[in-house]
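Colleague: I am new to this one. Could you walk me through how to read its aromatic rings?
Modeller: Gladly, let us open it up together.

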Amino acid sequence: MPVAVTASVLATGLTACGTVEQLSAAQKVSKAFDKVRDGKSAGFTLSIDATPEQVAAFANSGEHKGASGLVGSARGGRNDMDEKTAKAISGLSISVAVSADKPLKEIEAFKNAGQAGKNTDLTLDKSVRVSYLLADRSGTALLEYRQVDATGYLHADAKGLMKLAGEDPSTVDELRTDLPDSMKPLGDVLAGKWVSFDLQALADQAKESDGDKAAPSTAPTADPELGKQLLNSIKDVLGRTVTYEDKGKKDGTEHLWVSAPARQLVDEMYKAVKPLSTKFPKQLGGFPDKAPSDVPDRRIGVDLYLKNGAFSSATFDLAQLADKVEPGVNFPVKLAFNQAAPNVQVPGDAVKVTNEQLKDAVLGLTAGAAEEGLDPEDLGDLPIAPPLTDAQLKELAGLGITATEARAFNKAGLTYEDIKEIAQEATPPKA
């Protein structure tokens with residue numbers, strides 16, 4: 001859906017001041033993405049289209065603080081990617097499939113997104129089925145999540161993920177052996193079993209828990225007029241900087257090249273949005289003092305392919321974002337669309353996980369992280385909670401939460417009252 005909206009904005013912006021050739025190309029793109037929302041199903045696959053040789057060349061290329069640094073960072077910043085790692089990365093893909101009982105544009109979660117006071121919870125909509133899949137170059141599923149009838153299903157190839165990370169897959173068996181009974185769900189996942197959990201039960205439990213607390217703060221909302229001004233400003237910038245070029249048609253597939261001067265686009269976008277930033281909800285934080293300075297000063301673009309008037313795929317070369325583009329170095333990624341995506345099905349023989357088991361597993365993982373020397377700085381932007389006192393630690397210990405576990409929860413942003421509530425819910429009532 002965000003892809004379709006973005007394309008529509010691009011096309012509308014260009015339509016405002018484009019030439020006849022530009023207008024025709026922009027209208028094609030706008031109509032192509034509209035068809036995405038008209039169907040009852042949609043499937044998107046984002047894949048690394050680069051060959052192992054291209055992956056290695058990209059990661060090991062000279063000066064690249066930009067895009068190619070993303071690949072290098074996965075290896076601790078070293079630019080010495082070997083053939084084995086390059087093969088593992090080449091062909092990786094992430095697929096998302098959505099199927100519904102009615103056109104996607106009529107789904108309440110999509111229609112009401114961003115509208116305060118209206119239900120936008122897609123996970124509890126039984127008319128919608130969703131799947132997310134991470135697969136390797138052979139198509140083998142490394143990680144998969146499905147949502148059907150308000151039930152979540154999870155499956156992982158733990159050993160395959162370890163291989164992808166360059167680690168010894170045998171450590172998975174060692175980890176399973178050392179797991180306590182309270183963490184059986186994690187053991188099932190490590191064993192490659194499908195596990196399921198009731199999303200409705202989790203949502204009901206969360207609501208019940210929230211009912212005992214003070215009313216939550218109002219979610220950040222924006223003035224509709226501000227949204228209109230923001231959209232018009234973005235359209236204006238895109239209309240002046242983005243160009244569409246019709247590259248012709250082959251085997252029934254139309255090829256369009258969409259490009260823009262990267263630094264100019266970012267600078268003008270910043271100048272257009274900055275005056276409106278004073279009206280943004282305070283919860284969103286402050287607006288940057290200046291536009292990003294590391295954007296390459298060159299034209300970059302994406303290849304769009306349309307079939308039968310509908311969006312088919314898009315290819316983008318990440319090497320365009322590198323500080324210095326070396327001759328012959330490319331890193332293409334591809335976004336493919338299939339409106340006739342297969343219906344998401346319930347996996348067979350899934351092991352059901354109860355809410356209590358989920359709590360125990362989370363508790364065990366958190367405690368394990370603390371025992372490994374969890375540092376608050378490693379938790380990124382998690383909320384900060386007041387440190388626990390000795391008296392609070394003592395009371396929590398009486399409820400079955402060890403000091404190590406309590407401190408781990410506290411570092412993760414949970415207050416004393418939050419941890420106490422978890423302990424009380426996990427403790428069965430006495431007869």
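Modeller: Keep in mind that this is a predicted model. Let us begin with two residues: Phe44 is buried, and Phe337 is buried too.

Colleague: How are the rings of Phe44 and Phe337 arranged as an aromatic pair?

Modeller: For any ring pair, look at the angle between the planes: under 30 degrees counts as stacked, over 60 as edge-to-face and the rest as tilted. Phe44 and Phe337 sit 4.9 Å apart, centre to centre, with 40° between the planes, so the pair is tilted.

Colleague: Which parts of the chain does that pair tie together?

Modeller: Phe44 belongs to strand S1 (residues 41-48) and Phe337 to strand S11 (residues 332-338), so the pair ties together parts 293 residues apart in sequence. Ring pairs also link Phe44, Phe311 and Phe337 into a cluster.

Colleague: How many aromatic pairs does a search of the whole structure find?

Modeller: The search finds seven. One of them is stacked: Tyr270 and Phe287, at 5.4 Å centre to centre and 25° between the planes. Tyr270 lies in helix H12 (residues 262-273), while Phe287 is in the loop between H12 and strand S9 (299-307), 17 residues apart.

Colleague: Is Tyr270 buried or exposed?

Modeller: Buried means under 20% relative accessible area. Tyr270 has 16% relative accessibility, so Tyr270 counts as buried. Phe287, with a relative accessible area of 25%, is partly exposed.

Colleague: And what share of the protein chain is buried?

Modeller: Buried residues make up 38% of its 431 residues. The chain has 16 helices and twelve strands.

Terms used:
Residues numbered from 1 in each chain as written. Predicted model: local features only at pLDDT ≥ 70, side-chain atom pairs only at ≥ 80, totals over all residues. Heavy atoms only, no water. Helix = DSSP H or I, 4+ residues; strand = E, 2+ residues; numbered from the N terminus. Buried < 20%, exposed > 50% of the residue type's maximum accessible area, 1.4 Å probe, protein only. Phe/Tyr/Trp six-rings, centres within 6.5 Å; stacked < 30°, edge-to-face > 60°.
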